[in-house]
Amino acid sequence: MKIFGATKLAETVIQTELCSGCGACIDLCPYFRSYRGKTAYLFPCTREEGRCFAYCPKVEVDPDGLSRFLFAKPYDGHPLGNWRSIHVARAGARVKRQPFQSGGTVSALMYFSLRSGCIRGAILTGRKGLLPVPQLVTRPAGVWRHSLSKYTAAPTLAALNRAIAAGHEALGVVATPCQATAIAQMRMNPLQNRSFRDHTALVIGLFCTWALDFRKFEAFLAERVPLKDIVKIDIPPPPASVLEVYLQEEKREFPLDEIRLLVPDTCGYCLDMTSEFADVSVGVLEGHPELNTLIVRTERGEEIVREAQRQEYIILDDMPVENREHLEWAAGNKKQRGLRRCMETGRLNGEAGTACLRLTGEVTDRILKNGRNGKESPCHT
Amino acid sequence: MSYLIDEGKNASHLLMGNEAIVRGALEAGINVAAGYPGTPSSEIIECFSQVAKERNLYVEWSTNEKVAVEVAAAASFAGLRSLCVMKQNGVNVASDFLLHLASSGTRGGMILVTCDDPGALSSVNEGESRLFAQLLEIPLLEPGDFQEAKDIIPWAFDLSEKIRNIVMVRSVTRLSHASGNVHFGPLPTRVAKAEFRNSGPLLDPETGPMIAMIVGAPEAQHGPQQEKMKRAAEIFETCPFNTYTGPATPELLIITSSACSLYSQEAVSILGLGERVGILKLATTWPLPQRLLKKHLAATPKILFVEEVAPTLEDHVKVVAAESGAEIGVKTFFGKKSGHLPSLGELNPDLVLMALSRIFAVPYEGAPADFSAAVKALAARYAPPRGMTFCPGCPHRASYWSINNALKLDGRGGFVCGDIGCYVMGTMAAGFNTCKTLHAMGSGSGIASGFGKLKQFGVDQPVLSVCGDSTFFHAAMPALANAIHQRSPFTMLLMDNRGTAMTGFQPHPGSPTNVLGEATPALDMEKICRAMGAKVEVSDPFDLEKTRQKLNHLMEYADGAKVLILRRACALSPERRGKKEYEVTVDESRCRGEDCGCNRICTRIFGCPGLIWDGEKKVSRIDEIICVGCGVCADICPAGAILRKEVA
């Protein structure tokens, strides 16, 4: 993987609005900062190589290198990436019913991991008004304040960088696919820093088709509802095709077709629906809004899942074959769409420092063959 | 007691040109002086203020140059002698009133002193004020040395009273700011008694109202004004300050004025051309003394014009030569238009030497071509490599830091319209290149007001303007009024550093004291802006994060004009000078240096001269000698390596 510096990152990713605002480059240095969902490059940094570039999930991503590092296997372009097991999951008896999205598996796993000491801090995303605000949570009960979907991109990894700089260790992170990719890149110590240590202990990846541009979403809602009255936002599974905004007194619905206009361009370049480079990935189970799909990918992920199940923090069931096939179909579609977009814009295997990602011809062909054109899957951040 | 009012017989002092002008005015019995600060003119009002009590003067720093001329004009209308002073750019500001004043005429002697800045050493341009004399139809005098700078002032007052109009006296940086020996004359003892007589007939120059308004009848005032100029031209024929040195029939006649006459003398002397070249030094450069010129033109076949900035003398003398062609014959001219002298920048003896050596084919080894390169190389060995920047502890650096960050975080491509003050460096790395326009005093806010109204054409990014406290009163208030009235959604950053800092802390209407140090009402900018209808916030620029937050908030507030007052005294101001708030040190073990995670943000970007990069140890250090202890750098260090301890 070729690593460049901040100026190249700004040129290739930020100025072209390819930035998803994941926060991987934030709080490492004084040059990048996140503000209202967008990443700003404040001053020119002249370093030829920087962690900002190396961590960015939107430039020079090498899925094969990541796959070999995390799973000791080559990247083969499978719609769901590498996995050990796939389950139907939900929060278990040890978890009191909380206002969480779908089956509550993510919150339950984080809650368990903090209680059990598997992790000593969790990087989660809360909300200030509509603005997603990433935070370090060290008390298990703190997990519940962050349990609802945000639907907009959040600079979650800025909080991870801050926590690491402050000396926190054994951190758990709830990440979107782009964030999970960034974390995997961080864990590879790309700048070969001698004092580097991996301070993540668990990365829970979310399924994601897209996340909304915060500024556009806020402006959209501000024109339609009193922002201060918003209690919760939800996108129920199909065939609803609406975004629900729960206010103090009422519920308002907006057609998803209108909402999709607020999706930033960058999501169109994404090949990853299921957070393939996380330890475990969680999403909604198609047709069962109260249940989750859980993909276990790494050994450390597997250990935590098994222990959480044993101690009844989560309940696992077998994944019906038709559900898995549907998930593969949806994920394969996203992969193919993202890949085509990269190819059309010269961002697959392009000039050094400007490519989104690098894939072999063989893997490219496999993805293009696997994916089927069809309607968009209803899974979201 | 100031040496400026030394009454000793045969007294002489080493005076700056500006001081000589003041002494001249004192000898002429001046009563009122007003001006607006601007290099190289600022010392004149300051010198008057030092002797105001002893000489019973009224002296003020006016809100702007136009007001300064108006204040001085009132004194003249009341029969007093008055002087107004400004740098060349100020004449542009004052020109509207000046045009009307030249029409109504004056009563007591009145002088406009303009100090031009050839080479734009401390200006945003090298504007030429001499052309105003032609435009305004008023006489122009240019003293050629320090003695003349004093002597010409009483003569100018007399001239003003003879023709009943304002007289312009032009100096340049090298006259205003250089020093020479000046022999003093006596100071008058008369006590001034003023009266504005206004009950006489409309056009009566002694007793009528002073009015520049004879609609549809130009002959009523313009005619007499032209007569005044004819009188002045006649007087100029025998002006004692027009001098000629050289042979009766020189091979070449140099026509020059002001500091250039000194360069000419030196060049002729060095080349030993005293027998072949004559120097006609003109003090009366508008209107030109035609007969005097004709006499000298007739005596030579070749003429070289030595003057700075515009070829003003060159053009006007050529007209005289053309008109008298039948009498004086065909001449060969050298100067800016022939390419013998440069058309921009300051002149110096060397440039005149080279022009002469070309004309006479006299070999002259000027400074070797690699001389300036050698000087620079030598200087680089001892001087740190440093661009133009703000002083250590300057609030502007902190302000621009926050402005840059707010604009970048906002991310909509917003920009700043710059203005005149030390903060012009917002166009440079010192101010993180945030300013994208820069013109005249107050223009940043006017331009921003305009940009704010271009949304319908697709220009919809945030627009900011910067404006100093003195500039606010000088010319930015009308721009802000415009923006508020037109609902232009721009944000004015009022950088209130408690005085007219760039020119030396002259007071302005927001100051609690006047030029004499007496208590005066200080106008409250915050209340003014609020009363005008702007949304106003105040911040201490040294509080980087709060300032940034307030600015982002104001930029996001779309409706109408907003003002963020950034209040912190200039580091060189009397109230901060010599007082360290913090003792600042660097913990070298924590400094990240050039590593990923910092890359020298303090020395490479923030750029306070008080921070030094130790290239050997690869860490930053504090230059204790010049650090003023503002402590702001502690907030920009990402590693917490810069430590500040409050000074007890």
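**Cis prolines, chain B**

I started with Pro287(B), which lies in the loop between strand 12 (284-286) and helix 10 (290-298) of chain B. Helices (H or I, at least four residues) and strands (E, at least two) are DSSP runs, numbered from the N terminus. The peptide bond from Trp286(B) to Pro287(B) is cis, and its omega is near -10°. Pro40(B) sits in the loop between strand 2 (32-35) and helix 2 of chain B.

Note on the source: this is a predicted model, in which local features need pLDDT of at least 70 and side-chain atom pairs count only at pLDDT 80 or more, while totals for chains, interfaces and linings use all residues. Residues are numbered from 1 along each chain as its sequence is written, and chains are lettered from A and ligands numbered from 1 in the order in which they are written.

**Positive phi**

I checked Ser241(A), which is not a glycine but has a positive phi of about 55°. Its loop runs between strand 8 (230-234) and strand 9 (242-247) of chain A. The cut-offs: buried means 20 or more other C-beta atoms within 10 Å of the residue's own, exposed means 12 or fewer, and partly exposed is in between, with C-beta atoms placed from the backbone.

Phe505(B) is not a glycine either, and its positive phi is about 65°. I found Phe505(B) in the loop between strand 18 (491-496) and helix 18 (525-532) of chain B. Phe505(B) has 21 other C-beta atoms within 10 Å, so it is buried.

**Helix 6 of chain B**

I followed helix 6 (residues 146-163) of chain B from end to end: its 18 residues reach 26 Å from first C-alpha to last, close to the 26 Å expected at 1.5 Å a residue. The expected span is 1.5 Å times one less than the number of residues. The helix bends by about 30° at Ile152(B), and Pro154(B) follows within four residues. The bend is the angle between axes fitted to the seven residues ending at a residue and the seven starting there. Just after the helix, Arg164(B) takes a positive phi of about 55°.

**Nonpolar core**

Which residues touch the most other members of the largest nonpolar core? They are Leu9(A) and Ile204(A), in a core of 301 residues. Helix 6 of chain B gives the most to this core, nine residues. A nonpolar core is a set of buried Ala, Val, Leu, Ile, Met, Phe, Trp, Tyr and Cys residues joined through C-beta atoms within 7 Å.

I listed the contacts of Leu9(A), leaving aside neighbours within four places in sequence; among them are Phe4(A), Ile14(A), Cys25(A) and Phe53(A). Two residues are in contact if their C-beta atoms, placed from the backbone, lie within 7 Å.

**Chain B against chain A**

I looked up the chain interface: 14 residues of chain B are in contact with 16 residues of chain A. On the chain B side, helix 15 (395-410) and helix 20 (601-606) are the elements that give two or more residues. Helix 15 gives the most, four residues.

**Domains of chain B**

Chain B is divided into domain 1 (3-236), domain 2 (243-360), domain 3 (395-567) and domain 4 (582-646). Such bounds come from an automatic or database domain assignment. I took domains 1 and 3 of chain B, whose C-alpha centres lie 33 Å apart. Their contact takes 16 residues from domain 1 and 18 residues from domain 3.

**Two single residues**

I placed Val628(B) in the loop between strand 23 (619-622) and helix 21 (632-636) of chain B. Val628(B) counts as buried because it has 21 C-beta neighbours inside 10 Å. Gly578(B) is 50 residues from Val628(B) in sequence and 7.4 Å from it in space, C-alpha to C-alpha.

Ser357(B) is in helix 13 (residues 349-360) of chain B. With 17 other C-beta atoms within 10 Å, Ser357(B) is partly exposed. Not counting residues up to four places away in sequence, Ser357(B) touches Leu271(B), Val362(B), Pro363(B) and Tyr364(B).
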